[in-house]
Amino acid sequence: MSPSFLFFILFLIKEMSSSSSANSFEDGKYKTDLLTVGLSSCCWKKPSSSPTPQFPPKRLLVATPVEEGEYPVVMLLHGYLLYNSFYSQLMLHVSSHGFIVIAPQLYSIAGADTMDEIKSTVEIIDWLSAGLNHFLPPQVTPNLSKLALSGHSRGGKTAFAVALKKFGYSSDLKISALIGIDPVDGMRKGKQTPPPVLTYEPNSFDLDKMPVLVIGSGLGEISPNLLFPPCAPPGVNHRDFFQECQGPAWHFVAKDYGHLDMLDDDTEGIRGKISHYLCKNGEERRPMRRFVGGSIVAFLMAYLEGDDSELVKIKDKSHEGVPVEIQEFEVKN
């Protein structure tokens, strides 16, 4: 076998391997680890010769590739009364495609408004430059020039508030992309969780051309039973957030899946058990979780890494790997 032929075979194997891992709705090619970063030195794993680190304002769950390299950073804000650990499978999915995903635990008991969450989110973003690198594997470098902010449910509202620099809080770090995962601004129009983010003026969100992805759930507007209201009520949900976005903005809605269907299959504790009954749900969580994770990856690859191949396939309805039926699809250029 000639060296040139052997090189050609190796090249084909590499290309096949690369293409097989390119499907954003499947796990990516990077090996990952899930780290807990606390508020004290008990969780610091750097060598003793390293400078004393600055610990984060809130406890963090971090999904990171373990291979040597520089990776964009995604912050994920949890939903109302949920734990960051409930998103570990979603975080690992996104991280396996070459992203460092950080999920702070913003609170244990939610306040009457979101001001503390907005303030804490900005403090954590400001901490990233000085603190994050100390808690990652030594061969892993965060690229904070490619920072995406995302949030689910009430966390989605908080993400929009921070990106819009509302209520007097803004970070020194530039946010490069914004993602709302079934964002919710309260119980209904006129009864928004203070301070309200939605203004009900189309295209009113001035994000200075920041790309936005809004993902909605088809069942989020439906009550699960006579006792509980819808988890993503009309008038304060994903449709309203997208309506106020300027371009570039993308809006995907998954049919037959609910507001909490992107969480882990097994969510522990009382809150974890309740999460299976609080909202109208789909038959299982994995398809919706893969859809949310894959949509996030395709969006971030397009706008942070310059590779829009997956996003274009979703737009053109030619992507064979989409794990759910897309009920609604809109794009603002």
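Rings of Phe, Tyr and Trp count as a pair if their centres lie within 6.5 Å, with the six-membered ring used for Trp. By this rule, the predicted model holds 13 aromatic pairs. The protein has 333 residues, and 53% of them are buried. Its secondary structure comes to 8 helices and 11 strands.

**Overall build**

- Buried residues make up 53% of the protein.

**Aromatic pairs**

- One of the 13 aromatic pairs joins Phe-160 and Phe-241.
- The ring centres of Phe-160 and Phe-241 are 4.9 Å apart, and the angle between the planes is 50°.
- This pair is tilted, because planes under 30 degrees apart count as stacked and those over 60 as edge-to-face.
- Phe-160 lies in helix 4 (residues 154-163), while Phe-241 lies in helix 5 (residues 238-244).
- The pair therefore ties together parts that are 81 residues apart in sequence.
- Phe-160 is buried, at a relative accessible area of 0%.
- Phe-241 is buried too, with a relative accessible area of 0%.
- Trp-250 and Phe-252 form another pair, with ring centres 6.3 Å apart.
- The planes of Trp-250 and Phe-252 stand at 80°, so this pair is edge-to-face.
- Both Trp-250 and Phe-252 are buried.
- Trp-250 and Phe-252 also belong to one aromatic cluster, together with Phe-25, Phe-291 and Phe-329.

**Charges over rings**

- Lys-189 lies over the face of Tyr-200, 4.5 Å from the ring centre.
- Lys-332 has its charged end over the ring of Phe-242, at 4.8 Å from the centre.

**Helix 2 against helix 7**

- Helix 2 (residues 88-95) packs with helix 7 (residues 286-304) at an angle of about 35°.
- The axes of the two helices are 9 Å apart.
- The crossing of helix 2 and helix 7 is right-handed.
- Helix 2 brings Gln-89, Leu-90, His-93 and Val-94 to the contact.
- Helix 7 meets them with Arg-289, Arg-290, Val-292, Gly-293, Gly-294, Ile-296 and Val-297.
- The residues of this contact divide into 5 nonpolar, 4 polar and 2 charged.

**Val-66, a loop residue**

- Val-66 sits in the loop between strand 2 (60-65) and strand 3 (69-77).
- Its relative accessibility is 28%, so Val-66 counts as partly exposed; the cut-off for buried is under 20%, and for exposed over 50%.
- Beyond its neighbours within four places in sequence, Val-66 is in contact with Lys-31, Thr-32, Asp-33, Gln-139 and Val-140.
- Ser-96 is 30 residues from Val-66 in sequence, and their C-alpha atoms are 9.5 Å apart in space.

**Glu-328, a strand residue**

- Glu-328 lies in strand 11 (residues 326-332).
- Not counting residues up to four places away in sequence, Glu-328 touches Arg-239, His-251, Phe-252 and Val-253.
- Phe-252 is 76 residues from Glu-328 along the chain, yet their C-alpha atoms are separated by 5.9 Å.

Note on methods: Residues are numbered from 1 along each chain as its sequence is written. This is a predicted model: local features need pLDDT of at least 70, side-chain atom pairs count only at pLDDT 80 or more; totals for chains, interfaces and linings use all residues. Side-chain values use heavy atoms; hydrogens and water are left out. Helices (H or I, at least four residues) and strands (E, at least two) are DSSP runs, numbered from the N terminus. Buried means under 20% relative accessible area, exposed over 50%, partly exposed in between (1.4 Å probe, protein chains only). A charge sits over a ring if NZ of Lys or CZ of Arg is within 6 Å of the ring centre and within 35 degrees of the ring normal. Axes are lines fitted to C-alpha atoms, for helices over the stretch in contact, and angles run from 0 to 180 degrees between N-to-C directions. A crossing is left-handed if the near helix is turned anticlockwise from the far one by less than a right angle, and right-handed if clockwise. Contact means heavy atoms within 4.5 Å. Ala, Val, Leu, Ile, Met, Phe, Trp, Tyr, Cys and Pro count as nonpolar, Asp, Glu, Lys and Arg as charged, and the others, Gly among them, as polar.
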